[in-house]
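Please read the following notes alongside the sequence and the coordinates. They go point by point, starting with confidence and ending with single residues.

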Amino acid sequence: MNAKRLLNTFLELVAIDSPSKGEAAVAAYCQQVLKACGCTVQLDTSATLTGSDTGNLFAVLPAKGSPTRADSAGGTTNPSENISQISTFSDPFCNATLCFSAHMDCVPPCMGVEPYIRDGVIYSRGTTVLGGDDKVGIAAILELVASLAENDRPHPSITVILSVQEEVGLIGAKSMRLAPYAKAGDFCYVLDAAGQPGTVINAAPYQHSYRATYTGLAAHAGIAPECGISAIQVAARAVAALPQGRLDHITTANVGTITGGVANNIVAPQCVVTGECRSHDLDRLLAVRAQIDTILKTACPEDTSANLAPVSFAASTQEQRIQAEGAQTSQAQAEDAGPAKELAEGAQTQQAEDVGPAQEQVEWEVNYVGFYASPSSPEVILALEAAHALGLPAALERSGGGADTNVFVAQGLRAVSLGSGMDQVHTTDERLSIVDLENLARWIIEISYQFNGGEVKARARGVQKC
Ligand SMILES: [Zn+2]
């Protein structure tokens, strides 16, 4: 590992603008470095789907020295064929390829990043994020490839996967066709997590999100409020009843946005509420989702006039009379007989009969599926033992967030995330210690060498050898 080169790579990477959808310049930088190291590099054609100015990047560094079973197998590209092979052999390393992944986009504000170093820590100038999320991962992977390429020591083939638009919903990873670069059963380490190098993120939640659209009826708020149905009021009823926050140690829910209304003098005809729920347990997630769905769909009362009856204000009789007149009640005797309050109620009843209750439409999206890799799974053992071998604090952690890892696991890869030293991410206080940057690179280099053989692999392999 060349620490000076690694730091230089990182500083060059963060200085390249790469907002989501605008990753082309970073992709070009990586392509050049990877090719110079002897990799074959390809950008996929997902740009037409994702709207990015580049595709996802795939690169392969050929193995060096004694080939593993995976290398000698000739790179089979049929996933189903490989799944059957995996079930035939108990050795998870048989036919498995070693992949490392990071994402190329950054969250805003990320344009014109100016990194500087103080006391061994890299910061931005303070008006932007640093972009260490996830350029620390990219820099470490580029250093891995450079180190393996210039060293005589045998290593397995290395597949590099760099995605676009991770930050806006794992869009790049979801648009990937992994074949022929990766297949079910392959090991994939995603360098995109908080926590010190040595920390393996072996669990992440399932996430589902919703969009509830409430449609009421516009009316003049001062002259004829009885003729309107406030979609905001209906939405508010739902929001107040929704489960929110940390529901248990593995489950959360949140209302993320609420938008609606037109002006203060118009009864709001529409209101949109969006939110999400997450859980590490799928059954628990589905139960919470069902609860949320029910609340969202029962916020609209059957009888709007009854359920949305306005609080009785201490309005004067004259004011109530004006209100009733404005409602254009059919009761012609409005001005002549009966208490004004009854007239106002009469206007509401008629309005409810005419337009019916408010309407709601609730749409759900499965954002990503969760994952859990047991402590005894080979991808976890390999990463922990490699950390241990380097004297890094080896640890397992659950994540509360999603990453490309979730998408890769859903496609059958043995994927986990690696703590990459990133700190205060998604803020302008983001920072990265140079020691963590170096340890991350050292860690994945060690993983790569251990993957090719040795004691760690034997322990992770279990009972049967290739
Ligand atoms: Zn990230």
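1. Confidence. The protein averages a pLDDT of 85, and 80% of the residues score at least 70; pLDDT is the predictor's confidence in each residue, from 0 to 100. Over residues 67–89 the pLDDT is below 50, and this stretch has 37 contacts in the model beyond near neighbours in sequence. Residues 303–355 also have a pLDDT below 50, with 54 contacts beyond near neighbours in sequence. Two residues are in contact if their C-beta atoms, placed from the backbone, lie within 7 Å. Where pLDDT is low, the predicted coordinates should not be read in detail.

2. Conventions. This is a predicted model, in which local features need pLDDT of at least 70, side-chain atom pairs count only at pLDDT 80 or more, and totals for chains, interfaces and linings use all residues. Residues are numbered from 1 along each chain as its sequence is written.

3. Overall content. The protein has 16 helices and 17 strands; these are DSSP runs numbered from the N terminus, helices being H or I with at least four residues and strands being E with at least two. Of its 466 residues, 48% count as buried. Buried is used for 20 or more other C-beta atoms within 10 Å of a residue's own, exposed for 12 or fewer, and partly exposed for values in between, with C-beta atoms placed from the backbone. Among contacts with a separation of 6 or more, 77% come from residues 24 or more positions apart.

4. Helix packing. Helix H13 (residues 378–389) packs against helix H15 (residues 434–451) at an angle of about 115°, the axes being 9 Å apart. Axes here are lines fitted to C-alpha atoms, for helices over the stretch in contact, and angles run from 0 to 180 degrees between N-to-C directions. The contributors to the contact include Leu 382, Ala 386 and Ala 389 of H13, and Trp 443, Ile 447 and Phe 451 of H15. By class, the contact has eight nonpolar, one polar and two charged residues; Ala, Val, Leu, Ile, Met, Phe, Trp, Tyr, Cys and Pro count as nonpolar, Asp, Glu, Lys and Arg as charged, and the others, Gly among them, as polar.

5. Helix H6. This helix (residues 132–150) has 19 residues and reaches 26 Å from its first C-alpha to its last, close to the 27 Å expected at 1.5 Å a residue. The expected span is 1.5 Å times one less than the number of residues. Of the 19 residues of H6, 17 are buried. Asp 134 lies in H6, and a cis peptide bond with omega about 20° joins Asp 133 to Asp 134.

6. The peptide bond from Pro 108 to Pro 109 is cis, with omega near -5°. Pro 109 sits in the loop between strand E3 (98–103) and strand E4 (116–118).

7. Positive phi. Which value does phi take at Gln 165? Phi of this residue, which is not a glycine, is near 50°. Gln 165 belongs to the loop between strand E6 (158–163) and helix H7 (171–175), and it counts as buried because it has 25 C-beta neighbours inside 10 Å. His 426, also not a glycine, has a positive phi of about 65°. His 426 is in the loop between strand E16 (414–422) and strand E17 (431–433), and it counts as partly exposed because it has 13 C-beta neighbours inside 10 Å.

8. Asn 95. This residue is in the loop between helix H5 (79–88) and E3. With 25 C-beta neighbours inside 10 Å, Asn 95 counts as buried. The C-alpha atoms of Asn 95 and Asp 186 are separated by 7.9 Å, though the two residues are 91 apart along the chain.
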